[in-house]
Amino acid sequence: MSGALETALNFWQSLPDYVRSTAWILGVTVALILSVAFTTLLERKVIGWMQLRRGPNRVGSIFGLLPGIFQPFADVIKLLVKEVVIPAKSNKILFRLAPIITLVPAFAIWAVIPLDPNLVIADVNAGLLYVLALTSVGVYGVIMAGWASNSKYAFLGAMRSAAQIVAYEIAMGFALVGVIMAAGSLNLGDIVRHQQGGFLAWNWSWLFPLFVVYFISGVAETNRAPFDVAEGESEIVAGFHVEYSGIAFALFFLAEYANMILISALTAIFFVGGWLSPFDGYIPADAAIRGWPVVGWFLSDGFHWLFFKLFCFLFLFLWFRATFPRYRYDQIMRLGWKILIPVTIVWIAVEGVMVYFKVGPWSVAS
């Protein structure tokens with residue numbers, strides 16, 4: 001068995017770089033699509049549990065376990081076979097293009113996400129700038145969908161969403177300025193490695209206000225409850241995608257759930273150590289327990305810690321939807337412009353003072 005594994009690893013290493021990169025891109029894309037599919041099921045199950053319901057439990061099971069496990073596939077088949085209706089007076093090119101422009105950035109950003117200490121598709125030094133640039137592109141798909149539909153409801157929803165995304169994008173950008181000041185790098189892998197030393201050394205401890213602002217802004221960026229005024233059913237039907245049906249409609253929701261997973265992963269990387277173990281610095285590297293087969297793997301750094309942190313933040317997205325009522329539009333704008341942005345600016349100034357006087361984690365900086 002070990003000989004076959006070694007042969008497979010040698011073959012993998014002998015492949016050209018572009019072949020290995022392509023294989024990783026396909027692997028991450030397929031994993032992300034499946035994650036989005038099962039996130040929709042998880043959301044319905046979690047909200048059902050919180051509301052004392054069962055959630056989906058009719059479409060398939062595995063030997064009587066996990067009832068409803070095939071519900072996402074049934075939903076995909078249903079949306080694939082439904083007709084895509086294009087309004088007669090719409091801009092047909094932009095109408096078709098909008099879902100793609102919304103979806104592509106949510107997948108492309110994963111190229112620079114470090115999944116574990118040795119696995120990142122593109123280890124670029126300006127990775128954080130790449131993330132900021134692509135997260136800003138998604139708003140164009142929303143505006144195009146609203147405008148190209150030639151519908152007042154869709155256009156009003158697009159304008160709401162664009163104003164909301166711009167407001168919270170500024171708060172997110174300022175929060176990341178604090179992360180850059182702490183890490184001294186734009187490389188996402190370097191930002192994670194800078195947080196080594198256990199869970200108290202992670203950025204959340206010294207950048208807690210920025211951590212809270214970033215995650216709240218991420219919830220608003222994805223148009224999730226309680227910030228889902230862009231899809232206010234009781235006010236503007238379904239917002240910017242009201243004229244979409246079939247697979248075109250599904251692409252918008254694929255982008256929404258992909259962005260939820262992305263924001264959860266970025267929050268984990270920027271503020272809670274990414275793939276770092278919370279036990280770093282507390283259990284010596286030569287401790288006997290680290291040599292135990294399963295326990296040693298669990299205590300060490302790796303993708304399993306990133307996955308666990310990502311899942312915790314993703315659960316918060318679902319919890320918020322089941323708990324909070326939708327904010328009014330003016331409340332959302334006031335929160336973004338008058339509370340979150342001033343908080344980030346003040347804490348960046350505080351962090352600058354700590355850097356100058358070498359307080360906290362900067363006391364050991366050279």
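Me: What classes of residue are in the lining of the largest pocket?
Reply: This is a predicted model, and in it the lining of the largest pocket has 20 nonpolar, 12 charged and four polar residues.

Me: And what volume does the largest pocket have?
Reply: Its volume is about 880 Å³. There are 36 residues lining the largest pocket, and those closest to its centre are T40, L79, F253, L254 and Y257.

Me: Which element gives the largest share of that lining?
Reply: That is α2, from which nine residues of the lining come.

Me: How much space lies in the second largest pocket?
Reply: About 390 Å³ lies there, and of the 16 residues that line the second largest pocket, S35, I261, F303, F307 and L310 are the closest to its centre. Two or more lining residues are given by each of α2 and α13, and the largest share, eight residues, comes from α2.

Me: How many charged residues are in the lining of the second largest pocket?
Reply: The lining of the second largest pocket has no charged residues; by class, 13 are nonpolar and three are polar.

Me: Changing topic, how many salt bridges does a search of the whole structure find?
Reply: The search finds nine salt bridges. One of them is between the side chains of E43 and R224, with a distance of 2.3 Å from N to O.

Me: Are E43 and R224 buried or exposed?
Reply: Both E43 and R224 are buried. For E43 the relative accessibility is 3%, and because buried means under 20%, E43 falls in that class.

Me: What about D75 and R44, where do they lie?
Reply: The side chains of D75 and R44 form a salt bridge at 3.4 Å, N to O. D75 lies in helix α3 (residues 71–81) and R44 in helix α2, so the pair ties together parts that are 31 residues apart in sequence. D75 is partly exposed at 21% relative accessibility, and R44 counts as partly exposed at 39%.

Me: Which residues do salt bridges that share partners join into one network?
Reply: That network is made of E43, R224, E256 and R321.

Me: One last topic, which residues form the nonpolar patch on the surface?
Reply: The patch is formed by V30, L34, F38, I62, F63, L65, L66, F70 and F73, which together have about 910 Å² of accessible area. Helix α2 gives the most to the patch, with three residues.

Me: Where does L66 lie?
Reply: L66 lies in the loop between α2 and α3. L66 has a relative accessible area of 54%, and because exposed means over 50%, L66 counts as exposed.

Key. Residues numbered from 1 in each chain as written. Predicted model: local features only at pLDDT ≥ 70, side-chain atom pairs only at ≥ 80, totals over all residues. Heavy atoms only, no water. Salt bridge = Lys/Arg side-chain N within 4 Å of Asp/Glu carboxyl O. Buried < 20%, exposed > 50% of the residue type's maximum accessible area, 1.4 Å probe, protein only. Helix = DSSP H or I, 4+ residues; strand = E, 2+ residues; numbered from the N terminus. 1 Å grid on protein atoms, 1.4 Å probe; cavity = no way out; pocket = protein on both sides within 12 Å on 5 of 7 lines; lining within 4 Å. Points joined across faces, edges and corners; volume = space filled by probe spheres on them. Nonpolar A, V, L, I, M, F, W, Y, C, P; charged D, E, K, R; others polar. Patch = residues over 30% accessible without salt bridge, like charges linked within 9 Å, V, L, I, M, F, W, Y side chains within 5 Å. Areas by Shrake-Rupley, 256 points an atom, 1.4 Å probe, with all protein chains shown as cover.
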